[in-house]
Amino acid sequence: MRFLKTLICFSGIYLIFTISTAGQDSIVPASGAGINQKKLFTTIGLEAAVIGAGSYYLNNVWYKDYNRVPFHFHNDNQGYLQCDKFGHAFTSYFDGYVGYHLLRNAGLKKGPALWLGGTLGLVLQTPIEIFDGMYDWWGFSWGDAVANTVGTTLFIGQELLFDDQLVKFKWSSMKSKYPVSSDGEVPANFLESFFFDYNGHTYWLSLPINKLLPKINIPPWLCISAGYGANGLLGKMENLPPYNDIPRYRQYLFSLDIDWTKIPTRSRFLKAVFNCMFFIKLPFPTLELNSMGKVKGYWLYY
């Protein structure tokens, strides 16, 4: 669940940078506008600081209670019914999106910004996997490495193919019904439950409906969204007593959504805010099919 700490950190950085440029018509400068060296150096400095601080935190805080061991591997692909892998892919996508737009905002051309910023997810996540391989109880996870690569590929691939993010990767979270988190531990507070309990997490892919039905006049911001989540997770691989009678199951969800970046507005400030909300799934009526063979409907699901 460490990937969510990266998400929270870069959410703040991206919010500050995007709102700070609200006086511009776009977060991406016009062709030929040139590089804003101040913004570029500030962006690089912030990203380097995050990478350095993250490495220090892992080495001196996160792993301080674990023994250093020879590099080894760990297969955790079944953990949390793959919600952890979706989380890694989403965070890698998110980091790439933010890294790319920060560099574009500084005036860097699309190609360099895409390969330097779009790969930020791999740059941030790969050291974590290497650190895991050097400590007891953890281990290098090929599943995590593949998920990180999938998230980065989803972002870069769409920019290369469509010059846009045709399908946006989103995340939502709501408080689950369980008194303990997906780790089987009691959350210390609401925020800990919100961010670190997989039972309340859903990972979404949102596609504008007008791309599917181009002959029908549908607003470009209205999307159809497919989501994945899981429930009954009260342990990483299995539910242990006293929760072993609670079934673990997958959730496949279908809903509507809003692409905030496509909402027209004359307010440059609102445009900046909407650009920061690219990863937020809006609550909508939702249909759930789950691995227990049940069908459920929700008036609002987040």
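Why is strand β3 largely enclosed by the rest of the structure? Seven of its ten residues, in the run 222–231, are buried, so the rest of the structure largely encloses β3. Buried means under 20% relative accessible area, with a 1.4 Å probe and protein chains only.

Some ground rules. This is a predicted model, where local features need pLDDT of at least 70, side-chain atom pairs count only at pLDDT 80 or more, and totals for chains, interfaces and linings use all residues. Residues are numbered from 1 along each chain as its sequence is written, and side-chain values use heavy atoms, leaving out hydrogens and water. Strands are DSSP runs of E, at least two residues, and helices are runs of H or I, at least four, numbered from the N terminus.

Now the neighbours of β3. Strands pair if DSSP finds at least two bridges between them. Strand β2, residues 201–208, pairs with β3 in the antiparallel sense over seven bridges. Proline 208 has cysteine 223 of β3 as its bridge partner. Strand β4, residues 249–258, also pairs with β3 in the antiparallel sense, over ten bridges. There, alanine 226 has phenylalanine 254 of β4 as its bridge partner.

Back to cysteine 223. Its relative accessibility is 2%, so cysteine 223 counts as buried. Cysteine 83, at 0%, counts as buried too.

Last, the helices. The axes of α3, residues 83–105, and α5, residues 120–132, come within 6 Å. These axes, lines fitted to C-alpha atoms over the stretch in contact, cross at roughly 135 degrees.

Terms used:
Buried < 20%, exposed > 50% of the residue type's maximum accessible area, 1.4 Å probe, protein only. Axes fitted to C-alpha atoms, helices over the stretch in contact; angles between N-to-C directions.
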